[in-house]
Amino acid sequence: MSVTLHINGHDEEIANLKSDNLRDALRQAGYVSVRFGSHTGETGAAAILLDGRLVSADTLLVGQAIGHHIETVECLNTRVGQLHPLQQAFIETGAIQSGYSTPAMLLAAKSLLDKNPNPTEDEVRDALSGVLCRETGYVKPVQAILRAAAYLRGEQLPPPPGPLVVDATYSAGDPSKFGDSDDDNELFGPEPSGGSSSPMTQTQSRLRTGIVLQGQTPETNIVGKPETKVDAVKLAKGNPAFVDDIELRGMLYARLLTSPHAHARILNIDDSEARALPGVRAVIHYQNIERVKYASGGQSYPNPPPHDQVSFDDKVRYVGDRVAAVAADTLEIAEAAMKLIKVDYEILPAVYDEREAILPGAPIIHDETDTVGIHDAAHNIVHHILAEKGNVEVGFDQADRVFEHTYYVHQVQQVPIEPHIAISWWDADERMVIRTSTQVPFHVRRMVAPLLGLPAGRIRVIKPRIGGGFGAKQEMLIEDIVAHLTIATGRPVRLELTRSEEFYSSRSRHPETITFKTGVMADGTLHSMSMTVLGNTGAYGTHGLTVLTVSGLRGLSSYNCENRKFDCKVVYTNIPVPGAYRGYGGPQALFALESHIDEIAHGLGMDPIDLRRKNWVQAGDTMPMAVLLSEGEKKEDVEEPVILSCGLDECFVQGMRAIGWENKFDPAWRTVPGKPHVRRGMGAAMCMHGTAIPGLDMGGASIKINDDGSFNVNVGATDLGTGSDTILAQIAAEVLGVPLNDIIMYSSDTDMTPFDTGAYASSTTYISGTAVKRAAEQIADQVRERAALMLGLDEWRDIRLENRMAITPDGRSVTMERIALHSLHQQDQRQLMANASFVSSASPPPFAGQFVEVEVDTETGQVTVTKMVMAVDAGVPINPLTASGQVEGGLVQALGYGHCEEMVYDHDGRMINTQIGPYYIYRANEMPDVQAILVQTHEPTGPFGAKALAEIPKDGVAPAIANAVFDATGVRLRRIPFTPQRVYEAMRAN
């Protein structure tokens, strides 16, 4: 049967029933910009315009759209090479990260601007409120829509100003300079022209990013410039780019049967009725899939122990654990078959709290005999991590004051708008191809091979664009399931998690109970510090060892201290499995540490920032805990790493100025006129993170020249929407002296690109960027040699490359195209190409100052975050536009972590808020003012002076809110999130 729909101005006959889901029907008709985020429409990813009104195709049937005008983002795509003003503005302002929700945002903007050509910022935010974004912080999309509105009104606009670059106004090491009453022009320059009546002007002045220069920076043409993303056009147009944007003949649809019990033994599975259902092609479970032990965390070889998982087990350890999988002709048949599988469970006692799991008599979660590497399975202790520098007990005896506080950090989910999805098939050579939304394609290939009984060389893993990862996709999570089903059926198989499954069957952040005990001298010098942690790794070990190790490293490296000790137990429980999440142990540690430092300062009667400044690390200091808590094989006689670049002083000066820190000392500011029950406060936190995993993370790159003088750059690095393809292209273009559009990027295909460990540990710019730079330098020398040959020169080393030309010292030149043609076709022919790889022994830390302003309703406990400022030292930002976007997006995720997001369970271990809404995520119209400041230093070990940026925005918001709430109310909360009930009860108990 077919129906006719009016789509993008044309009547179109589609082969669907009136009862079919409209989102699925539009995608089947080729409108792949309409994307799945949930079945109930909360994400807005499936937004369309129905008679000009923004609605979700998730919740509409085909029959409901008959007779109406449907618009998808493809309606903006008039022809190849042309952009609608909305698309142009989104590209110019850097409003696109992964691009998964970009079509929905563009349609929301179109609906608004069709009715209101001159909207205010608040009206833009309201229009975007139905589309969730986990990446941008909504800052740049708002800027883009206001810019597009000006285009559509016929206004002539200059190029977007981008982040401003100004000289530093503060000399590092002289904190007395803070407090100068300079206005914001010193940092952000004068207001744009156009008058205060322009919404666009108001927004530019409110949301601009600043860059503060500190020290010498390199002179560059492409690097350090706000270039637009190399993949922006296809994302703005909604072109096929993601895992699900392909069609394979004969594809089957898979569904996953998961456990309804937190802890149970499977006595038997009867799948006979499911197999007998017409259209069912395979049912797999522990009775027909070989038991091969593995660890699912996407980490370097050898994967950290224990290998405590199998594809399907005869025991389930949390609600949402795997039981079986079905492949069928349609998703509906697979759903029906799933309900026909009969599972006989023996329900076992369960434990959810890490403190209870280690007590005598607690249920033993891993009692199997074939898992090795568990520290103490009888007490559910997966690992015991112990490291000490000096002697903390002696240090406590020597200290003038000792402070001890315990903090609790909870479990949250990454909530990528694109859930996990994978498609597998046999190719023409009978090799297994897995197209998957992963951060670690090379790790997935290595890890899935033994589970399938195939050599790695017979497996190809392709990572297309990803609709958000944030660590959840640093895992071999569902790739083995689709591949097992392809082996069983011989056909392509597609599996996509539902939104509920993404919550309880994916990965999340580790809950931790953290106790800091610190001995302090009378003048505020930190002398002895211990950090004791119970980390909850849920049902499986996966990232438990490394996340908790990083918690110790972050918690005990930010401040100089003579004696330090980390004592951590990583504990099994029956909650859904935590794993990697942006920040990777840092946010947990920094919430506790930066709250603890504030408490020490108040106990000593010191200013909290003065106490921090007195003790924080600086350039020239060593990081002893980095040796004691390093990942990978421990080596003897390793020197303590030395910090070579640090803009921390400047971060605090600029951040304090931007948030108006002096206001907190004004009694009049602390109350809200007309609201005597509301109190204002400010809080700060110092952040320090890492750049890649030294000695482990490795990236490769290959570059070749084409006939027209353009270059192909192939990298294994994985772009999650972070802009890494663009950054790596900028590095290559800078070295080769060509514009960015002469670089053609291809990434993340285990057959076609060099090896790369993947997108995690804030490593891509530093590791993969250095590999690209080295490969580009090699091919640049080859270009110079060829130019010298063409010009009859003996010496080539002083030839410079710029503006697509090789130019000699005497001014003669030859174009890159002529060089390419000469080398490929004319004389001494050869392909100019180069390969390089890089692994670093260093991990230079980025630094940041985080500042938050809050209002607390003392009658209800409601905390409203009104302003967030983060000043970050990430070395030289290769692309300030994408860098500022990373900070803005990370701050909003961090705000959710500290303020409102929480995975909540009933007494039986079932998560009760498995939908967005009950699991609360900030929307565009709920955002505080967000300001990112990039303090530019020069890291000598990084490509063009760069170091990491992506994860540090997650570290400081939660403790800054805690410190701000204390500043406002005098109440100290040591548990997040700061829900109204929790804050209210704390105030009543104070």
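## Basis

Contact means heavy atoms within 4.5 Å. This is a predicted model, where local features need pLDDT of at least 70, side-chain atom pairs count only at pLDDT 80 or more, and totals for chains, interfaces and linings use all residues. Residues are numbered from 1 along each chain as its sequence is written, and side-chain values use heavy atoms, with hydrogens and water left out.

## Glu74

By the contact criterion, Glu74 touches Asn8, Gly30, Tyr31, Val32, Ser33 and Gly238, not counting residues up to four places away in sequence. Glu74 sits in the loop between strand E5 (69-71) and helix H3 (85-92). Helices (H or I, at least four residues) and strands (E, at least two) are DSSP runs, numbered from the N terminus.

Is Glu74 buried or exposed? Glu74 is buried, yet it has no salt bridge. Buried means under 20% relative accessible area, exposed over 50%, and partly exposed in between (1.4 Å probe, protein chains only). A salt bridge is a side-chain nitrogen of Lys or Arg within 4 Å of a carboxyl oxygen of Asp or Glu. The nearest side chain of opposite charge is Arg35, 6.9 Å away. For charge, Lys and Arg count as positive and Asp and Glu as negative; His and the chain ends are not counted. The side chain of Glu74 does make a polar contact with the side chain of Thr72, at 2.5 Å. Such a contact is a pair of N or O atoms within 3.5 Å; within protein, one must be able to donate a hydrogen and the other to accept it, and residues adjacent in sequence count only if both atoms are side-chain atoms.

## Pro492

Pro492 lies in the loop between helix H15 (479-489) and strand E19 (493-496). Pro492 counts as buried because its relative accessibility is 13%. Its C-alpha atom is 7.2 Å from that of Trp426, a residue 66 places apart along the chain. Leaving out residues up to four places away in sequence, Pro492 touches several residues, including Leu248, Met251, Trp425 and Thr486.

## Five-stranded sheet

An open sheet of five strands runs E14-E22-E21-E20-E15, with mixed pairing. Two strands pair if DSSP finds at least two bridges between them. Strands E14 (381-389) and E15 (401-409) are the edges, each pairing on one side only. Neighbouring strands are turned by 5° against each other on average, direction ignored. Axes are lines fitted to C-alpha atoms, for helices over the stretch in contact, and angles run from 0 to 180 degrees between N-to-C directions.

E15 and strand E20 (512-520) run antiparallel, joined by nine bridges. Thr406 stands opposite Thr515 in E20. Helix H18 (586-604) packs on this sheet and touches E15, E20 and strand E21 (526-536). Its direction makes about 145° with that of E15.

## Four-stranded sheet

A second open sheet has four strands in the order E27-E26-E25-E31, again with mixed pairing. E27 (743-747) and E31 (833-839) are its edge strands. The twist averages 20° from one strand to the next.

Seven bridges join strand E25 (698-705) to E31, and the two run antiparallel. In E31, Ser837 is the bridge partner of Gly700. Helix H23 (764-791) packs on the sheet, touching E25, E26 and E31. Its direction makes about 150° with that of E31. Helix H22 (724-736) lies across strand E26 (711-715) and E27, at about 140° to E27.

## Strand E12

Seven of the seven residues of strand E12 (322-328) are buried. E12 pairs antiparallel with strand E8 (252-258) over six bridges, and five bridges join it to the antiparallel strand E10 (280-285). Ala328 in E12 stands opposite Tyr253 and opposite Val280.
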